[in-house]
Each structure stands twice: as C-alpha cells, then as structure tokens.
Amino acid sequence: MSEPPSEERVEPPSPPEPAAGENPLGAPSVAARFALYQRAGGIVTPLITAALAFAVGGLVVLASTGKNPLSTYQAIFNGTGLKWLFPWVTGAARAQAALNLQQTLLLTIPLVLTGLAVAFAFRCGLFNIGGQGQYIVGSLVAVQAGIWFAGISRPVHILIAVALAAIAGGLWAGIAGFLRATVGAHEVITTIMLNWIALWIGSYMVGFGGPLQNPKDNSIPATADIAHSATLPVFWGDPVLQGLHIGFFVAIGALAVFWVILNRTTLGYEVRAVGFNAEAARYGGIAVGRSYFTAMAISGAFAGLAGSLDLLGWEFHLDLTVVQGSTIGFFGIAVALLGRNSSVGIACSALLFGALINGTSTRTLDPSVFQPELAGNLTRIIQGLVVLFVGADVLVLYLWQARRKVRRRVRPASAKEVGT
Amino acid sequence: MWSALLSATLRSATPLTFAAIGGLFSERSGVVNIGLEGMMLMGAFFAIWGADRTHSWVGGLLIAMAAGGALALVYAYFAIQLRADQIVGGTAINFLALGLTGYLYIDIYGVQGTPNNLPGIPDVHISWLEKIPPHGLGRFLQDSFGQMNLMIWMSFVLLVVTWLLMFKTPMGLRIRAVGEHPRAADTVGISVYRVRYGSVTLSGVLAALGGAYLSLGFVHSFSENMTAGRGFIALAALIFGGWRPFGAFGAALLFGFSSALARRLPDAYGSSAGTLFEALPYVLTLIAVAGVIGRSIPPAAVGRPYKKQ
C-alpha cells in the first residue's frame, strides 16, 4: 500500500527540499529550485489550483447532468455581473450586470475580511479556523449596538457599532491566542470549539425567547432591525435593492492595513518572525506568547469587522438561519489559502469566490441553464477542491515540474530514466 | 422518564462514538482528522442511497462504509503521501463532502427528498430484561435497553474491540508507535505509511457508520448538511476523552446527554435557553485542552507528516 504501482505517481514529489542527485536529468541547483518554487508559488500555483478545481467541478457537472460545463460556467459568469467591466456591454444588459456586480462585491467585502483574518494568523504560524465564530460574535455585537445607540449622529453610531464588533471578534479569537500563549492549547482545536460555542450562544440570543429576539414580533427567531442611523450608506445602486455600501472601502482599507501592519511595523515584524520560526524568534528576544495573542486578536478583529459590515450594510437584523447557516467565515480559509496570505492575492481570491457564490445563487443563475441548487453545491465542491489542492501545493508544483520535464525530455533524446 | 432520557442519550451518543473511535485510529497513528464531519456526512448520504439502490439496509451500510473509506483515502493520500498540511486537508474534506453530498442529493432526489419506504436499520428487541429483579430495575432496563437500534449495540462491540486491538495486540502497538515516534517505528521495520493509510481509511469507514446511523438508523432520510457539526463534537469527545476508547465513549455519552437535554428543555420552559446545552460539549472540551481539569495530551507525532529517509 505504501508504494502502489501507479503511473501517475512515479515517486512522491519532493520539493521544496528533494533528495538531490536523484534527478536523472541533472539535478538543478538548490538556488534554481528555490527560484522555481518562488516563481511557481507566487502566481502559478494559485492559478493552476483554481484551474484544476474548476476543471474537476466541470467534470462533476458533465458526469452528473451531461450538460456542457463551459456553458454552465458561462451562465455562472453572466450572473456575477463582471460583464459590467466590459465597455461594450450596454443598455439593459449593462444595468442588469451592474445590479449583479453590486451583489458580487457585497459578498466580496466579508470574504476579504475573513480571508485577512485567516491570513494574519497564518503569518504568525497559527491556523485560525474560528473565523466563522468571530464573524457571528461581530454580527451579534453590531446588531445590539445598532439597536442601542439610536438617535446619535450617523457616522458616530456606525463607528461605535463597527468598532465594538471588531473588538468583540478580537477578544473572541484572543481566547484562543491566550490559551496558545499560556498553556499551549492548540489553536485549531480551541477555535473550532469557539466556533460552535459562538453558534449556540448566538442561536440562544436571537432564538425564541432569547434576550435579543425582536420584542415586537416573537413569532420568528430574529432580532429587531437596527436604527437607521447605524446603517451603512450605499454609494452604488439602490439602497432598497441592496446596493453596494461603504463597507467596500473599509475592506480595501483593511487590505492596506494588513499589509502595513505586517511589513511596516515592529508588531508585524515580530508576528512574521514568530511565524517563520517561533524558537528562533524567542531566542531573538521576541515575546512569542504575546505575539500569539496579538496575532489572534487582530485576526479576530478582521472577522468581527466582516460580521458588522454585513449586518449594518444589508442584513440590518440577525436571523437564526444566518447564525446557524452562514459559511462566510469558512470561505475565508479558502480565500486566504488561494491568495497565499498576501493582500493582493486575498483581494483577487475574495473576488473570485464572491463572484462564484453570487453567480451560483438562485437570484442570478438562469435555472434553464443549470439548477441553482445544484450550482450552489458546485461552489462548495470547488471551494473544497481549492483548499485540498492548495494544501498540497507540492502536487501542483509537481505538475508544474512535470511539464518542464516533458519539455526538456523532448529535446535531448538521450536522457533516459535511470530508475526511481 | 429517566429511561427515556437514557435512551435519548444513547441515541445521541452513538454517532459520536463511531466517529470518535474513527478519529481515535487516525490520530493515534499520527494523522489529525478534522474531516470526520465530512466523512460522517458521506456515510449519511450513501447509506440512504445504498439502501435505496440495494433495497436492504445491509447494502446501505456497506456502501456508506465504502464511501466514507474512499473519502478518507483521498485525505490519506494528501496528508500522508503528499505531506499536505493536515488541518488544511481535513478542512477541504469537510467542504468537499458538504458540496458532494448536497450536489448528489439534489441531483438524484431533487426537492421531493429521499424516498420514505427505505429499509431502516432494525431495532433489537429484548423482552427478558423486564424479568430482572427488583421490578423497578427490570422496568428501567427494559425501557432503556429493550428497544435499542442494532447500531447502538454495534457501537458497544466496536468499543471493546477497539480497546483490545489498540492496547492488547501487536497491531495496536504499531499504530501507537507510529503516532508517537514514527522514525523509531520505521527503524524497527514498521511501515509508517501503511499503518497510517490503514488507520485513516478505517477512521473514514467508522465515521461513515456514525453518519449512516443518523440517516438510515434514526430518521430514515437524508437532508443537506444533516450531521450539523456532530463530527466536530466527536472530535471534541476524542480530545476530551484523552484519545482513549472508553474515555471517548464517556465523553460521547456526556455530550449526547447534553444534546438530549437541549432538545427536551425547550418543551419544559418554552424558550431557547435549552440550546445553550448544545454548547456544553465545546465548552467542556475548551476547558479540557486548557488544562484546568487534567490536561488532555495528544499523541506526540500527531499532525506531523512523515518523510521516509
């Protein structure tokens, strides 16, 4: 079982530190291999990963429904509204595309932030699976703050609600950071537990008879609407039809903040140092425990922010189905991994997933082309495949290398496989 | 009343027990299994599909086991052979199973849902328990254990077998050695990859059985994402139980009890306060890993990919 004779898997692919000298084609130098890894890793790996995931998703479509995957993907693309970016689309089609693009960007906002949440912790060597819980905590705090401070001026109200949500998300994640720093409890386990604790506390709060349930209507498990002064202004589209709110700029600002903190501050330097090698960082005089806590807290603040922007931007109240059914925080994992934990990468992959989620929703996908319920699950399959393939970037690198090998093998016919 | 609560506890605990024992095999061999949830979900769907196709619950169970094992094998390939990050891989498995089962469910059964004449896993009727003296005890035993589903009895058997296998046989020693110190195990001639492949695949098979109990043994239907986090409770039970079979079973019972309570309290008090009991397993596990009451310590090599030399 350990060495199955499969043609596809000639040998376990072994970058980044392969056993040198095994390569019959003349082993490239370590520096060359590193350069390849960098180059391939920077932009090629995410591209191959996404392409692979979409290809497998297309096979699923073909095998199960017999429909043309390309036309299915095209219908999904039409639903994303990205056509708005093409100048030749005009008239009614352009207006429709604008509406769809607003929805896509509305979904992209929280994806950017939950992606940043996962990525920031990653940079410190921590895996924050708890984005979903921090998102729920942020939503809960934002809805309460949105109801409470009714009557104060709009910018102040928004600022208070958003700030409180970010702090709450940060503290929630901070529990995991604190436990990691003090008793060494693994953050994966603690954040998973915190996810579910947040989910059930949220369910209790907004559920029947819960303290946050709308006092004026106890027939549905949901909170009251927030005050108008807490809603985020819409700058593109119709506020009644869920136009794009100013949270869009908050997300862009967060991308910049993420980059600045990591690359231009002492705190970021320490976080990255711990992420590279915690022992070396400790030896260098960095308080590793404090970095764990700070990194988790900042990470959670991003996710809490995501929850507040969704709530103040277009949800306006918190529903039990959102508390229990939302998966934005989990999508953040895929966003961060595909974006390779960098600002630009996260922006791109958040847009990709935002477009995919919106394009496969019942609202935008043409049911005559492909059933939206199926397409929604197709999104999840693609999400899973992306995470699976990114996790094994060795596989993608292997494919990349195989391509190069094939190309080289064609030229010198004398180069033979010496045996594996 | 107490017997009703006990049998409700056992019903809730059984899927957790199967999945937690599955996780035990995987983690004892040094591979973290966050993907239990997804493997359970695969089992839940394919048990229904299999029973529908083969018109027998045995067929349903076998197909569920094959599906869970297959998904686990994919995970094993990425985690062991490709040395992918095990947390990332497990997360991917969960997404993948959620999408795949949801997709197939809609594709095959559509909006009408699964057929309602499926052959469910039978209950085991025991009538002599009532005769055990004194009468009150006999009555209690009869009400608690007299009508249990076959899968619940199977979980008891699995528990004993797992304990024997893990701690009394050479194979168990090998699994534990690979999970504690793979290099040392390799040095004495144990194939680390083979043991890990076997253990991870077995964990998928067992988790799928837990899922199959949920769908085919209990509600006799499938709905999207029907495991609803039970895989994670099973993971919590495994950790809370200190990576030991009976510890995990005890934790599964405790967590099953808390969710049985959570489902009954709203009837009594007419509010959502009961749902707080659903959070109890996670709070307890958080406390356990924080080390407030007897720190629970994982196998030494868990989560670390092994590279042959």
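In chain B, 55% of the 309 residues are buried. The model described here is predicted.

**Fold of chain B.** The secondary structure of chain B consists of twelve helices and zero strands. Read from the N terminus, its elements therefore follow the order α-α-α-α-α-α-α-α-α-α-α-α.

**Dimensions of chain B.** The C-alpha trace spans about 60 × 45 × 40 Å along the principal axes of chain B. Chain B has a radius of gyration of 20 Å; this agrees with a compact globule, because a globule of 309 residues would have a value near 19 Å.

**The interface.** Between the two chains, 44 residues of chain A are in contact with 43 residues of chain B. On the side of chain A that touches chain B, at least two residues come from each of the helices tabulated here.

| Helix of chain A | Residue range |
|---|---|
| α1 | 30–65 |
| α6 | 187–206 |
| α12 | 328–338 |
| α14 | 372–391 |
| α15 | 393–410 |

Which helix supplies the largest share of the side of chain A that touches chain B? That share, twelve residues, comes from α14(A). By residue class, the side of chain A that touches chain B divides into 29 nonpolar, 13 polar and two charged residues.

Conventions:
Residues are numbered from 1 along each chain as its sequence is written. Chains are lettered from A and ligands numbered from 1 in the order in which they are written. This is a predicted model: local features need pLDDT of at least 70, side-chain atom pairs count only at pLDDT 80 or more; totals for chains, interfaces and linings use all residues. Two residues are in contact if their C-beta atoms, placed from the backbone, lie within 7 Å. Helices (H or I, at least four residues) and strands (E, at least two) are DSSP runs, numbered from the N terminus. Ala, Val, Leu, Ile, Met, Phe, Trp, Tyr, Cys and Pro count as nonpolar, Asp, Glu, Lys and Arg as charged, and the others, Gly among them, as polar. The radius of gyration is taken over C-alpha atoms; the globule rule is 2.2 Å times the number of residues to the power 0.38. A residue is buried if 20 or more other C-beta atoms lie within 10 Å of its own, exposed if 12 or fewer, and partly exposed in between; C-beta atoms are placed from the backbone.
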